[in-house]
Amino acid sequence: METYKKDGFFQKYCETMRNGIGPNEFNDFAQLESDEKRFEFINALKSIVSELELAREFKGKNLERSLEYKNLGNKAFQKESWTEALAHYNLCYLATPESNEAERAIILANRSAALYHLEKYDQALKDIQRAIDHNYPKDLMYKLTERKARCYLGKKDHVKALQCFKDTLPALDDCKLPLERRQKLERDAQIMIKLLPKNIEAEAKLAKAKKANPAEPKNPPHPEHYVEKGLYFDYSQEEGRFAKTNTDFKPNTIILLEKPHVSVLLEEYSLSHCSTCFKRVTIPVCCPKCSDVIFCSEACEKKANSSYHQYECGFLPIFWRSGASITCHMALRMITQKSEEYFMGLRQEFDGLTSEVTDKLNNDDYRKVFKLVTHEDKRTPEDYFQRTLMATLLNACLSLGGFYKTKETESFIGGLLLHNLQLLQYNAHEISELQRENERDIGKSTFIGGGLYPTLALFNHSCEPGVTRYYKGNSVCVRTVKGIAAGSMVAENYGPLFTQVSREERRNTLLNQYKFTCNCRACSENWPKFNDMDSNVLRFKCDGGKICSNVLEIPAEINEFMVQCTECGEHTNIMKGLKSLQDTDMLFKSATKLHDAGEYEYALKKYVEMMNTLDEVLVPPYRDYHLCQQGLRSCMLEFGNRFVRMVTKK
């Protein structure tokens with residue numbers, strides 16, 4: 001991934017700084033052998049804070065703008081345009097300054113009303129409680145107690161609804177309503193107080209009956225972190241560390257579930273997804289100080305503001321304007337999500353770290369990722385200069401944000417920022433969301449953020465990978481899309497697939513981005529792209545089994561039943577294989593129909609059945625095999641992050 005984009009101010013600053021360094025001085029920099037020394041050298045040249053006039057910005061919070069959104073929301077509410085009202089109330093809430101607590105309480109109460117009419121009762125109840133927590137006016141409290149009661153009615157929780165109607169009566173004592181209006185509300189509450197005990201009695205009988213006939217237990221959810229027991233990590237001088245399996249993996253096996261060590265949203269998704277967990281948000285919880293990020297819950301907001309966001313808050317607009325890439329933001333957050341004391345406590349441990357130690361550590365431990373590949377020996381002085389200068393920008397955010405308690409640690413942390421920028425270049429993953437324009441759209445996997453996954457980062461690349469990955473929030477799930485035999489490498493894909501891109505182009509891309517020449521099977525055998533595969537030739541496995549790996553290339557219209565292998569001399573009954581392939585045609589049609597109907601679990605089962613048959617008979621590359629793999633991938637993406645822009649009303 002690139003260090004910065006060309007449309008930001010950092011590029012010009014970088015060019016100016018580079019032009020200001022003479023050949024001798026730059027040669028001194030090029031001779032430095034540690035990231036800490038490099039950072040010290042560049043950081044001492046000029047003050048990036050004064051040069052770029054860096055300071056925290058809180059321009060998003062504005063009471064005047066907040067009141068404008070509130071007025072638009074109220075007008076939409078009066079027209080019973082509940083969705084439009086909710087959208088304006090969200091913007092109002094986001095723009096309301098922290099100091100205007102009374103206004104925040106009012107807007108949260110207004111938003112709860114819109115949510116109630118949209119039948120989003122749980123979210124409405126949360127906003128009611130938020131309004132109360134923000135000291136909602138006592139003379140208006142009757143509105144919230146009555147609305148709370150109506151929400152519980154909608155949820156069919158009549159016990160809580162009854163209590164809320166009872167709470168409405170004393171709340172009306174503090175209201176400033178005309179007598180007639182107040183009396184009507186009292187009568188309505190009294191009617192519900194009389195009616196609800198009968199409903200509660202009926203519910204109690206139903207609950208007793210359910211207890212006597214308990215429902216079937218649900219399958220337990222997968223843990224947050226899971227590694228399939230057959231998966232392990234080997235090492236070779238040529239491949240480095242890489243994933244292998246000591247058992248046979250069938251198609252559709254979940255082999256890894258992993259939360260990131262660090263993750264960051266792209267700027268364009270900062271106000272549509274939770275900054276902490278990446279869930280898409282429709283009812284946001286905002287940061288009290290800035291309007292640059294949102295959260296899905298108080299828990300995520302608290303987690304952010306007790307760690308990374310307290311230092312990044314107010315600097316994100318500057319960061320985005322600079323053109324810094326998402327890996328730069330991730331490099332910063334790898335630091336901000338911990339404390340200065342945390343990193344200083346690890347300082348003496350980095351040199352002696354081994355995989356035996358790091359493999360046992362939790363994902364949030366910085367030592368877990370410190371030894372990931374950086375290709376330090378392949379970097380040019382110019383590359384180091386750009387990244388070191390970026391590290392000084394990141395460090396300025398730390399310094400201005402109050403991260404440092406003492407200036408003595410700045411060079412060490414600055415060196416870690418530079419180290420992070422290097423390791424993220426080769427180990428970070430793009431986090432995606434399957435986005436559709438409408439419900440019938442096939443969908444597009446869209447880049448929404450970046451994450452660093454310590455276990456996934458150890459998987460090597462193949463242009464014909466055995467797995468695919470998708471994301472739930474910012475957690476990654478890795479599943480097999482073909483059978484993988486025991487003793488084999490388990491490879492994922494870093495970008496180009498052989499079915500779409502030529503070998504020369506793939507190898508050039510991988511060499512430029514990841515500094516290696518790919519020798520996966522598709523590259524070493526120069527497999528044809530999908531459109532160039534000959535559908536008139538079938539590639540059968542030799543029945544010689546483990547003693548023979550020869551491929552029998554048979555014309556599709558052959559009339560012979562038995563074909564002799566030129567390698568081992570064994571005869572293979574291709575008629576049996578041809579009959580099996582007839583079944584796969586029906587399975588593929590059935591799977592495609594189920595997928596189009598939205599029955600993804602059932603479609604996946606059909607694709608798996610088809611893949612198992614193909615694996616027994618044929619050897620890739622061939623069209624049906626890769627069409628089946630694409631079907632598996634498409635189904636699996638449906639289990640991850642998804643978004644439809646235009647939902648058809650029923």
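Which residues of the largest nonpolar core touch the most other members?

Reply: Quick ground rules: this is a predicted model, where local features need pLDDT of at least 70 and side-chain atom pairs count only at pLDDT 80 or more, while totals for chains, interfaces and linings use all residues. Residues are numbered from 1 along each chain as its sequence is written, and side-chain values use heavy atoms, with hydrogens and water left out.

Now the core, meaning a set of buried Ala, Val, Leu, Ile, Met, Phe, Trp, Tyr and Cys residues joined through side-chain atoms within 4.5 Å. Buried is under 20% relative accessible area, exposed over 50%, partly exposed in between (1.4 Å probe, protein chains only). The largest core has 78 residues, and Tyr 366, Phe 385, Met 390, Leu 394, Leu 416, Leu 452 and Val 490 touch the most other members. Helix α19 (residues 381-400) gives the most to this core, with 10 residues; helices (H or I, at least four residues) and strands (E, at least two) are DSSP runs, numbered from the N terminus. Apart from this core lies another, of 49 residues, including Leu 125 and Met 192.

Let's zoom in on Val 490. Leaving out residues up to four places away in sequence, Val 490 touches, among others, Leu 231, Phe 249, Ile 255, Phe 459 and Ile 484, where contact means heavy atoms within 4.5 Å.

Then there's strand β4 (residues 254-258), with 5 of its 5 residues buried. Strand β11 (residues 475-480) runs antiparallel to β4, joined by 4 bridges (pairing takes at least two DSSP bridges between two strands), and Ile 254 stands opposite Arg 479 in β11. β4 also pairs with β1 (residues 226-227), again antiparallel, over 2 bridges; there, Tyr 226 has Leu 257 as its bridge partner.
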